[in-house]
Amino acid sequence: MLKVYNTLTRKQEEFKTREKGKVYIYACGVTPYDFPHIGHGRSAVIYDVMHRYLEYKGYEVIHISNFTDIDDKIINRSNELHINYKELADKYISIYLDNLDMLNVKQLYRYPRATEHIPQIIEMVRVLKEKGYAYEISDGIYYEVSKFKEYGKLSHRDITALREGARVEVNPEKRDPLDFALWKKAKEGEPSWDSPWGKGRPGWHIECSAMSLHYLGSSFDIHGGGDDLIFPHHENEIAQSEAYTGKVPFVRYWLHNGMVIVNREKMSKSLNNFFTMNELFKRYDGEIVRLYLVSISYHKPLSFDLESLEQSSKNYEYFNQSYIRFKQLSGQENGLSSIELAKKWRERFEDAMDNDFNTALVVALLFDIFKFVNVKGSQLSGESLTEVDKLLQDIFLVLGIKKLGTIEEKINVSFKEELMVLVEGLKEEKELAEAISSISLKEEVSDIIKKLIDIRWELKSEKRFKSADLIRNRLKDIGVVLEDTNTRTTYKLIYTRGVENEK
RNA sequence: GGCGCCGUCGCCAAGUGGUAAGGCAAGGGUCUGCAAAACCCUCAUCGUCGGUUCGACUCCGAUCGGUGCCUCCA
């Protein structure tokens, strides 16, 4: 039985969907005005894992995530760059989606954009005004917080205390400092849309209410986002939406993920302590970053640092190499059975995920499974291997690490160049020149590596270890690691040279 | 000031009443030309002080330290 922690009730609750067999999810996306950082990636990955697990459990998942593609930041930034606001948003939406692709985040049902739902937004504002929840003043239409008696229920705040802490008003016409803008009247030169109140644009918050209700209807199952959105964003969404539809609840389960922390502080643009995903992907494969993100409970802050990422990189290698070996096993006749064990592991997997998506426990489980198969794998029956493999694949699918077990041939142009330089370099060595000369640079990268391995194997058998080690070391320098066994040498391409070697 | 969260081995990190998962690092081994990999072994009583309880890392109170939201933010 799946249980989730609901911010609204501050309790872990049994997860029951609005409709049998279907889950409707709205996850707050980004305001596309700059490069997305790892914090944005974390959110996306977290809701993606939930999505995948719910599918594993047999649900049909209708999952959307928005782009708030019009707001002050976008307007300001596009003015700075002298480009259209849409051009700016398009650019960063595209980068964001590319980044999510690197992280294996599944394609969603929709990616609604605020500017493409202006009619729905206007309609919502109109009704709220008609129902007496909103009023018009000189610079826009405002939501009157005091009209919504449950205001504060999500963030568990007392409305009076909130008022005391409120900042000095920009517009003194507001009836209450807590009232927030549903619609902002256009200032000179700002992008705007026609409305019953003249030209203007949506305020923040309203777009999420309008779009989630539009696509998912009221009382949909999961609304997620970073925990910095609890107040005021999600609080305001509840106020607007429940007032608008007259139906409670707007959302059945409010889920919030923790922030990414750097040096004990929240990662943010203003503190300039952020790592963009693009930066990280230069050094680490998206799957490694993803493994890192799922190694920690989703609702807690994640203290990000490169050393931890390096750790995940090693863990990833362990999983990857272990799984490669596992796939090469052939079952033994009358071999050991691990069917029961696989069953228990699957239970552990499901128990962990049912417990508010505890992916950290699942990662720990992977270590247990691999430790077992690394030792006993060769003794297992074919049936057992199949069973364990099914489980592993299910886990990989849910965690979203799909490339495990494949020798990732990250062979791009620059790698090939590096390899050629290496081969040329080896030709300079007297001991090696002759053997190396048989390698043609026109060959496939993998063939070149294999030839080098063969040459080295010969050297080893002749006990010419210095030359053999030279080849191994040179290859290591470009990310190809050779490993000897009694009978042969295998190679692997490492994903990154890591922080250590970066110096 | 209001509402929260966190403080577990050198580091990262599970854990929500029954005597501390996992990973990295470290040390010692098996293997090995060396290296790597794999495997084995070693490695914490949970910020502090009280309380509740047969029993607390887990509940309550206090205290110290860190941090989030209350203004844009995943």
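Which hand, left or right, does the crossing of α6 and α7 have? The crossing is right-handed. A crossing counts as right-handed if the near helix is turned clockwise from the far one by less than a right angle, and as left-handed if anticlockwise. The model is predicted: local features need pLDDT of at least 70 and side-chain atom pairs count only at pLDDT 80 or more, while totals for chains, interfaces and linings use all residues. Residues are numbered from 1 along each chain as its sequence is written, chains are lettered from A and ligands numbered from 1 in the order in which they are written, and side-chain values use heavy atoms, with hydrogens and water left out.

Chain A is divided into domain 1 (3-9 + 22-257), domain 2 (305-399) and domain 3 (413-502). These bounds come from an automatic or database domain assignment. Between domain 2 and domain 3, the C-alpha centres are 32 Å apart.

Two helix pairs were examined. Two packed helices are described by the angle between their axes and the distance between the axes. Helices (H or I, at least four residues) and strands (E, at least two) are DSSP runs, numbered from the N terminus. Axes are lines fitted to C-alpha atoms, for helices over the stretch in contact, and angles run from 0 to 180 degrees between N-to-C directions. Helix α6 (residues 206-216) packs on helix α7 (residues 230-245) at about 50 degrees, with the axes 8 Å apart. The two helices are therefore oblique to each other. Angles under 35 degrees count as roughly parallel, over 145 as roughly antiparallel, 65 to 115 as roughly perpendicular, and the rest as oblique. From α6, Ile206, Glu207, Cys208, Ser209 and Leu213 meet His233, Glu237, Gln240, Ser241, Tyr244 and Thr245 of α7. Contact means heavy atoms within 4.5 Å. The residues of this contact divide into four nonpolar, five polar and two charged. Ala, Val, Leu, Ile, Met, Phe, Trp, Tyr, Cys and Pro count as nonpolar, Asp, Glu, Lys and Arg as charged, and the others, Gly among them, as polar.

Helix α1 (residues 38-56) and helix α13 (residues 382-399) form another pair, at an angle of about 140 degrees and with axes 7 Å apart. Therefore α1 and α13 are oblique to each other. Val49, Arg52, Tyr53 and Tyr56 of α1 meet Asp394, Leu397, Val398 and Leu399 of α13. Here the contact residues divide into six nonpolar, no polar and two charged.

Sheets come next. An open sheet of four strands runs in the order β5-β6-β7-β8, with antiparallel pairing. Two strands pair if DSSP finds at least two bridges between them. The twist averages 25 degrees from one strand to the next. Strand β7 (residues 180-185) pairs with β8 over three antiparallel bridges. Lys185 has Gly200 of β8 as its bridge partner. An open sheet of three strands has the order β12-β11-β13 and mixed pairing. Its edge strands are β12 (265-266) and β13 (302-303).

Some backbone features stand out. Most residues other than glycine have a negative phi, and most peptide bonds are trans. The bond from Phe231 to Pro232 is cis, with omega near 0 degrees. Pro232 is found in helix α7. Val248 and Pro249 are also joined by a cis peptide bond. Pro249 lies in the loop between α7 and β10 (251-257). His82 has a positive phi, near 55 degrees.
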